[in-house]
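I am opening my notebook to write down what I look up in this structure, one place at a time.

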Amino acid sequence: VGDSSTPQFRRAVVALSGGRTDRQIVSLASEIAKAGHADLVGVHVVEIDWTLPLDADVAGRDEAAQRVLDIAEATAEASRFKLETVLLQARDVGAAIVDEAIERGSDLLICGLPFRRRFGGEFAVGATIPYILKNAPCAVWVIREAMPEEQA
Amino acid sequence: MIGGRRPISGRKPGDKRIRVERPHTAYFRYSGPGQLTAKAAASAPTTTFGRARVRLKGVLLGRPLANEEEIGERLSKKKALAIFSSDAISSSAYATEEIILAFILAGVAGAAFTLALPVSIAIAGLLAIVAFSYRQVCVAYPTGGGSYSVSKANLGRNFSLIAASALLIDYTLTVAVSTSSAVEQIASAVPSLDPWRVEIGIVAILLITIGNLRGLREAGNIFAIPTYLFLGSAFLMIGVGTYRILFQGDTGPPPTPEVVEAMSHTVESVGILILLRAFASGAVALTGTEAIATGVPAFKPQESRNAATTLMAMAVILAVLFVGITFLASSFHIMPMENPKQTVIAQIARWVYGDTVLFYLFQAFTALLLFLAANTSFAAFPRLGAVLAEDGFIPRQFAFRGDRLAYSTGIILLGTIAALVVIAGGGSTHALIPLYAVGVFIDFTIAQSGMVRHWLRTKTQGWRRRLSINATGAVLTGIIAVVVTSVKFFAGAYLVVILIPTLVAIMLFIHRQYTAQAAELAVRDDLVFDRPHRRQRVVIPVNGINRSVIQAVMFGKSLVSDPAMLQAVFVTTDLDEAEQLRDRWERQLPGVPLVVVESPYRALVGPVVTYLDVLERAWPPDQELPTTIVVLPEYVARHWWDRLLYNQAAKRLKSALVGREHTVIADVPYRRSEHREEAEPPAPSRTGG
């Protein structure tokens, strides 16, 4: 985090998974973007498996996918900030998010990471965030959800 | 772009992605499974005139507020004290004068200087009882509604409607009386404005109406400061005046001839009836005590507790002001003067502050407070109206909230009637007071009787003490209601006596209508509706063959499965033309029967309606009549000015068919722009109308 007088980013892409962290990261990003007069783009990607053509009419009819973006938009509005939203369908979520961030000239990519343990062992990061961390040319913020008290 | 999906290449060949359009986002938002929330754009007007109207409304009333912004509209205790108490507190500006006037009109003006103070103390005692009673109401009935809620829960529908009617009258008169009194305060300070009293009052009511249409929160901001300015300057006046009386022996301004004559009368000549009249006149000081109990939901959480605290604070402030002002008026031997108009409080202020800027400031604050007291009613009247509308006693539009979350219908109605009352009263406070007090005390009596019943029913902790407070209040306010009504009957109280039962009858009538309608529309909960039980028949009145008619016929065909239930009807005065049409019809629209109705008297609508009647009569009597769908081809005009040229016959037919049993009217609009690119121009044909 740099000097408070300079904007921390000009344009950021917020990757929205539809999980618990969406509201938190949109709210946080909106507050920061508002202060720095920056742009914010919320991106949600619907993964299309190989049984369907990539341009199949899936995301447009998926109410849950629309809701992810609409709730993010409403969360930003609660902070009196206008969030642009983009709905994508792709074979690979991470690649779609990184490519969208590049195309939009973003200097920051923000992801949320819900805290969860799989199979009672390792803390699960999944595949998307490591891909973003490895391939995104811009800065990346990963905001992890707090641990539940019993696991802290 | 295919169906709103745009392919975009990625950095690697396999990373292609599809950007999906979201056409709903400008107007709607998914807020839950299967649930959409409309955005402001969804209700934005699309015409130039509509946009101009909305812009003007925005300038006057502010931007529309969403439902979720309502929490910001709740009032803090300080703000609520200013809004809901301005009525009660401002009545101290004219209550003392009404006591003195009661003695003057009884011919014992001198008694005012000795008996006005004890009368005001007795009224303050009554205020304490009423305030304690309404404190219980705030706690027991947090949903608001005041006397109406109390009596509805404890005394039944008829008593609650009497209370509601009395309240509605009370709130309307509050606006009229406060405004008239405010204008009198202005005239006391600036006598040259006296001829414009009515006009000033109407402008003030208009401004307060607009302020309230903008929403409660902004009304609070506008009105809170003047209320506290009045309180500060009034307490300063009482403090300075009391000091001069007690420690400097000040006996007031040089006595006028009226005062000298009044002082020659002795107290012994005053009978109990005169005292009761004075008490009843001064009891207008209690008006507005109800407002806080009615407006409990407008308070910030915890609503009941905050409302109860505010109510008690208001009662203490009002009692001190009222008794204090009466003490000064008695000690300074002040009587109201008519020509030029000099109110009692204005004379006191002029004597205490002198003819200085402080006097003019005090008069300005008093006038402002009185104008703003009208705002108490603008907060309470629409809320009560909404409660009554939800209960089905007044039209439902009183429960709908406008763009600014205010009950616009109630606000506009209140402003209009109050302005008319000010005009009728000629801007005089004293002329309206007899109407005012009757409703107020009927309302108090019903509310406190309801609370007595409440304690008898619930018997919660301390119920005996509470019951005794409410019972005492009920008896006292009941007596005063009887006294006020009888002594002021011919001065105007009879109007209220007529108006209350009239309003009750109207409300009962409306309720009966709504109840009957609900019973008529009710559907049994255990039924499942999987298919229509009535068959459908389609009748298409046509004027020839053209694109509009073809579109209507195609639509009609889609509505029926049995081709025998579809037919077109052509009404004509020229059989040759009809034969030509039939030839073409059978060639171009095979399978759609065309019925030609010759109309030698040149009527169009009558033969069509009668033809439908005949069709029904011809239906087998052992079968349920089908639903007749009358499909009307309609050419959509492109400009407002060419609407007159088209569809006149269809409009007349529609008017004739509206409300017809088993009949549905379906307009099938034909828009020229949608079909302009079609290759073949339509065949020439007659157009309707």
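Entry on B:Gly32. I looked for this residue in the predicted model and found B:Gly32 in strand β3 of chain B, a strand that covers residues 28–32. Is B:Gly32 buried or exposed? I noted a relative accessible area of 6% for B:Gly32, and because buried means under 20%, B:Gly32 counts as buried. I then asked which residues B:Gly32 touches once its neighbours up to four places away in sequence are set aside. The answer is A:Glu63 and A:Arg67.

Entry on A:Glu73. I next turned to helix α2 of chain A, which spans residues 63–78 and holds A:Glu73. The relative accessibility of A:Glu73 is 3%, so I wrote this residue down as buried. Leaving out residues up to four places away in sequence, I listed what A:Glu73 touches: A:Lys82, A:Leu83 and A:Thr85 in chain A, and B:Arg29 and B:Lys39 in chain B.

Entry on A:Arg80. I moved on along chain A to the loop between α2 and β3 (84–90), where A:Arg80 lies.

Entry on B:His333. I found a positive phi again in B:His333, at about 55°, and this residue is not a glycine either. B:His333 sits in the loop between α12 and α13 (344–353) of chain B. Its relative accessible area is 24%, and so I recorded B:His333 as partly exposed.

Entry on B:Gln302. I also looked up the peptide bond that runs from B:Pro301 to B:Gln302, and I found it to be cis, with omega near -5°. I marked the page because most peptide bonds are trans. B:Gln302 belongs to the loop between α11 (290–294) and α12 (303–331) of chain B.

Entry on A:Val45. Where in chain A is A:Val45 found? I located A:Val45 in strand β2, which runs over residues 39–47. A:Val45 has a relative accessible area of 9% and is therefore buried. I checked A:Val45 against A:Ser17 and wrote down that the two are 28 residues apart in sequence, with their C-alpha atoms 7.7 Å apart in space. Setting aside residues up to four places away in sequence, A:Val45 touches A:Leu88, A:Ala90, A:Val93, A:Ala96 and A:Ile97.

Entry on the cavity. Two of those residues, A:Ala90 and A:Ala96, came up again when I looked at the lining of the largest cavity. The lining also includes A:Arg91, A:Asp92 and A:Ala95 from chain A, together with B:Gly14, B:Asp15, B:Lys16 and B:Arg17 from chain B. I sorted the lining into three nonpolar residues, one polar and five charged. The volume of this cavity is about 40 Å³, and the count of cavities of 30 Å³ or more comes to one.

Entry on B:Leu117. I went to helix α4 of chain B, residues 111–140, to find B:Leu117. B:Leu117 is partly exposed, with a relative accessible area of 22%. Apart from neighbours within four places in sequence, B:Leu117 is in contact with B:Val323, B:Thr326, B:Phe327 and B:Ser330.

Entry on the cores. Which residues have the most contacts inside the largest nonpolar core? I listed B:Phe84, B:Phe103, B:Phe230, B:Met237, B:Ile348, B:Leu388 and B:Phe441, in a core of 147 residues. Another core lies apart from it and has 27 residues, among them A:Leu16, A:Ala33, A:Leu40 and A:Leu83.

Entry on chain A as a whole. I counted four helices and five strands in chain A, and from the N terminus on I read their order as β-α-β-α-β-α-β-α-β. Of the 152 residues of this chain, 47% count as buried. Chain A exposes about 7800 Å², and carbon and sulfur atoms supply 52% of that area.

Key: Residues numbered from 1 in each chain as written. Chains lettered and ligands numbered in written order. Predicted model: local features only at pLDDT ≥ 70, side-chain atom pairs only at ≥ 80, totals over all residues. Heavy atoms only, no water. Helix = DSSP H or I, 4+ residues; strand = E, 2+ residues; numbered from the N terminus. Buried < 20%, exposed > 50% of the residue type's maximum accessible area, 1.4 Å probe, protein only. Areas by Shrake-Rupley, 256 points an atom, 1.4 Å probe, with all protein chains shown as cover. Core = buried A, V, L, I, M, F, W, Y, C linked by side-chain atoms within 4.5 Å. 1 Å grid on protein atoms, 1.4 Å probe; cavity = no way out; pocket = protein on both sides within 12 Å on 5 of 7 lines; lining within 4 Å. Points joined across faces, edges and corners; volume = space filled by probe spheres on them. Nonpolar A, V, L, I, M, F, W, Y, C, P; charged D, E, K, R; others polar. Contact = heavy atoms within 4.5 Å.
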